[in-house]
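I opened this notebook to keep track of what I looked up in one protein model.

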Amino acid sequence: MKVTSFQNDVYDAVMKVPCGKVATYGQIALMSGHRDAARAVGNALHVNPYFGLVPCHRVVNGKGALAPEFAFGGPSVQARMLEQEGVQVIDGVVDLEKYQFRG
């Protein structure tokens with residue numbers, strides 16, 4: 001799969017989200033230099049060819065909800081990966097006040 005420059009920008013931004021924190025799709029759009037591209041960020045993460053290297057499980061929606069179609073095993077896998085990093089997930093939602101990356 002050929003990775004576009006947009007996708008590389010997104011993956012680079014996601015790499016900045018530390019273990020134990022999450023970022024929103026909109027936040028990743030801003031961090032990647034593509035301010036209005038939150039939906040496209042989701043699409044890029046859905047086809048992430050670097051799973052295991054780019055921590056796409058750390059990206060949630062603007063309300064803290066997990067991805068209903070998490071490409072690497074569904075929302076239960078995303079929740080488990082976040083919980084292994086110390087992020088509490090309750091009913092498929094992360095508390096952004098507590099866990100959102102502020103970098």
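The entries below follow that plan.

**Ground rules.** I am working with a predicted model, in which local features need pLDDT of at least 70 and side-chain atom pairs count only at pLDDT 80 or more, while totals for chains, interfaces and linings use all residues. Residues are numbered from 1 along each chain as its sequence is written, and side-chain values use heavy atoms, with hydrogens and water left out.

**Overall layout.** I looked up the secondary structure and found five helices and four strands, where helices (H or I, at least four residues) and strands (E, at least two) are DSSP runs numbered from the N terminus. Along the sequence they follow the pattern α-β-α-α-β-α-β-β-α. The radius of gyration, taken over C-alpha atoms, is 12 Å, close to the 13 Å that the globule rule (2.2 Å times the number of residues to the power 0.38) gives for 103 residues, so the protein is as compact as a globular protein of that length. I also noted that 46% of the 103 residues count as buried, which here means under 20% relative accessible area, with exposed meaning over 50% and partly exposed in between (1.4 Å probe, protein chains only).

Which residues of helix 1 are buried? In this helix, residues 5-14, I found Phe6, Gln7, Val10, Tyr11, Ala13 and Val14 to be buried. Seen down the helix axis, they fall within an arc of 160 degrees (the arc of the directions from the axis to the C-beta atoms), so they line one face of helix 1. Their cover includes helix 2 (25-31), helix 3 (38-46) and strand 2 (59-60), going by contacts, that is, heavy atoms within 4.5 Å. In helix 3, the buried residues are Val41, Ala44 and Leu45; they fall within an arc of 95 degrees, so they too line one face of their helix. What covers them includes helix 1, helix 2 and strand 2.

**The cores.** I then turned to nonpolar cores, sets of buried Ala, Val, Leu, Ile, Met, Phe, Trp, Tyr and Cys residues joined through side-chain atoms within 4.5 Å. The largest has 22 residues, and those with the most contacts inside it are Val10, Tyr11, Val14, Ile28, Val41 and Leu45. Helix 1, helix 2 and helix 3 are the elements that give two or more residues to this core, and helix 1 gives the most, with five. A second, separate core of ten residues includes Val22, Val60, Leu82 and Val87.

**Leu66.** Leaving aside neighbours within four places in sequence, I listed its contacts, among them Val60, Pro75, Leu82 and Val94.

**The cysteines.** I found zero disulfides, a disulfide being a pair of cysteine sulfur atoms within 2.5 Å. The sulfur of Cys19 is 14 Å from the closest cysteine sulfur, in Cys56, which is too far for a bond. Cys19 counts as exposed at 54% relative accessibility, whereas Cys56 is buried at 4%.

**Asp91.** My last entry concerns Asp91, in the loop between strand 3 (89-90) and strand 4 (93-94). Most residues other than glycine have a negative phi. Asp91 is not a glycine, yet has a positive phi of about 50 degrees, and at 79% relative accessibility it counts as exposed.
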